[in-house]
Amino acid sequence: MLEEYRKKTPHSRELFERAQQVFPGGVNHNIRTFGTTGCGAYPPFMARGNGSHIWDVDGNEYVDWWMTHFSQILGHNHPRVMEAIRQQMEGGNHLGALNERQVEFAEHLQKAIPFMEKMRFCATGSEATMYAVRVARLFTGRRLVAKAYGGWHGGNDTVGYHVKYPFDDEPFYNGVTFDFNDVDSVQSLFEKHGKDIAAVIVEPVIGAGGAIAPEPEFLPILREETEQAGSLLIFDEIITGFRLRYGSAGKNAFGVEPDLITLGKIAAGGMPLGAYGGREDVMEYANPKTPGSRWVGGGTFSSHPLTMAAGIAVLEELSKLRNEYARLNRRGDETRSRLNTIFNDYQVPVIATGIGSIIFVTWLRKELEPPLTGYRLAAVVDHEHLDIFQTLLIESGVFGYHGLGALSFAHSTEDIEQSVAAVEGVIQGMSDKSTVS
Ligand SMILES: Cc1ncc(COP(=O)(O)O)c(C=O)c1O
């Protein structure tokens, strides 16, 4: 196994050996081993991308489903976005002062997401979620934060708890937790802690926690419980923002408006961005002149002009494509359903989850009865088989994580066909070798 991969990727192999000498685990983001080290291999080092394809340092070409952690919905190397960055570079890359582009970008965002009455920019999604919770704590005068099991909101200590099953990561336990899609768990949490909860932070579609779409009642219940308890509702739309619809998925796809929203990824097309915003009365706590405010929003690289320029270009391009989202979502839905048919046909314990263009593939240790909740899925993931699957998929020229990842507007029908065939080939190989228990 993986002999072919080793033969094709000598430069990546050598680079990973060097990387391990300088970075713990060889990486600067834990998931960038893409499951390869789990089965004794090493990750490919990527050299360039264009549209829906990506090339490694050995010249191997892949259909990319990872798309820069879901950021490149327009495709890699988009000419308009690259040109905006190039033009902005001419005046120096960052002067550490106010710049015109930041106002323009914020105005675009506000037009796309009108409930972002006020907003702040930072450099990463991890900062955005940390600051969003901070303003919520200041506004409510409460400390407790509530999140979903498996929800990943970035690497800050405020929300970086209960991310990985079995969710026993003391001492980083800062708040309380509910099960995504389990209304009872939300209601009992509010019965017990409601008056102390400053904010619920949740993705409208849980991402790293399994790509699970919300049941129709789930987001409305979160809205209702937070309102009744005087807590705030924060939608972390760092993946879903501009992914399912132009603007907020919570509002535009599922009909629920939060008090605050966090954005990143797609909104700046691969440049480092975090944004948080929403109700003006809440966001006023980021204003140092507001009585009772604390330090909210530092950041040497906040509202970086290159990010702002890229963001404006992305939003202008996406607003032209706003009517194309339905088609993109349909292609994703059809692809997911074809994959699930393949898994059924081969009788492998594998499930494709997601909604619209988001497609994750997960190996399971046990059959999963509906309803699909974050906790129930996390409890049965077969990481060993998933790592093998992921690595073999990379070997066969399809690059992704969480099984696959997400389609972009740049993916062609051939890309999808190649990917489905590759998944089937890997599944067939794995079942032939009886690696499935
Ligand atoms: C839903 C969600 N929130 C927050 C983050 C953190 O963003 P960043 O990696 O830019 O810090 C991520 C990143 O994957 C994410 O998926």
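Select T140 to start: at a relative accessible area of 19%, T140 is buried. Buried here means under 20% relative accessible area, exposed means over 50%, and partly exposed lies in between, with a 1.4 Å probe and protein chains only. This is a predicted model, where local features need pLDDT of at least 70, side-chain atom pairs count only at pLDDT 80 or more, and totals for chains, interfaces and linings use all residues. Residues are numbered from 1 along each chain as its sequence is written, and side-chain values use heavy atoms, with hydrogens and water left out.

**Stop 1: T140**

Stay on T140, which belongs to helix α6 (residues 125-140). Helices (H or I, at least four residues) and strands (E, at least two) are DSSP runs, numbered from the N terminus. Show the backbone of A136. Its oxygen is 2.8 Å from the side chain of T140. A polar contact is a pair of N or O atoms within 3.5 Å; within protein, one must be able to donate a hydrogen and the other to accept it, and residues adjacent in sequence count only if both atoms are side-chain atoms. Contact means heavy atoms within 4.5 Å.

**Stop 2: helix α7**

Move to S185, in helix α7 (residues 183-193). S185 is buried, with a relative accessible area of 17%. S185 touches both, not counting residues up to four places away in sequence. Look at the backbone nitrogen of D179: a polar atom of the S185 side chain lies 2.9 Å away.

Q187 is in helix α7 as well. Q187 is partly exposed, at 28% relative accessible area. Beyond its neighbours within four places in sequence, Q187 is in contact with I221 and E225.

**Stop 3: the ligand**

- S126: an N or O atom of the side chain is 2.6 Å from a ligand oxygen.
- D236: a polar side-chain atom is 2.6 Å from a ligand nitrogen.
- K265: an N or O atom of the side chain is 2.9 Å from a ligand oxygen.

On its own the ligand has 390 Å² of accessible area, and the protein covers 84% of that. Accessible areas come from the Shrake-Rupley method with a 1.4 Å probe; for residues, only the protein chains shown count as cover.

**Stop 4: aromatic rings**

Show the rings. How many aromatic pairs does a search of the whole structure find? It finds 21. Rings of Phe, Tyr and Trp (its six-membered ring) pair if their centres lie within 6.5 Å; planes under 30 degrees apart count as stacked, over 60 as edge-to-face and the rest as tilted. Take Y165 and F167: this pair is edge-to-face, 5.7 Å centre to centre, with 90° between the planes. Y165 is partly exposed, with a relative accessible area of 40%. F167 is buried, at 7%.

Next, select F34, Y62, W66, F70, F360, F399 and Y401. Ring pairs link them into a cluster.

Two charges also sit over rings. R48 lies over the face of W55, 4.1 Å from the ring centre. The charged end of K147 is over the ring of Y161, 5.2 Å from its centre. The test is NZ of Lys or CZ of Arg within 6 Å of the ring centre and within 35 degrees of the ring normal.

**Stop 5**

Most residues other than glycine have a negative phi, and most peptide bonds are trans. Go back to Y165. A cis peptide bond joins Y165 to P166, with omega about 10°. P166 is in the loop between β5 (144-148) and β6 (176-178). Now select P370 and P371, joined by a cis peptide bond with omega about 0°. P371 lies in the loop between β12 (358-363) and α13 (374-378).

Return to F70, in helix α3 (residues 67-70). Its phi is positive, near 75°. F70 is buried, with a relative accessible area of 4%.

Finish at H402. Its phi is also positive, about 55°. H402 lies in the loop between β13 (398-399) and β14 (405-406). Buried or exposed? H402 counts as buried, at 17% relative accessibility.
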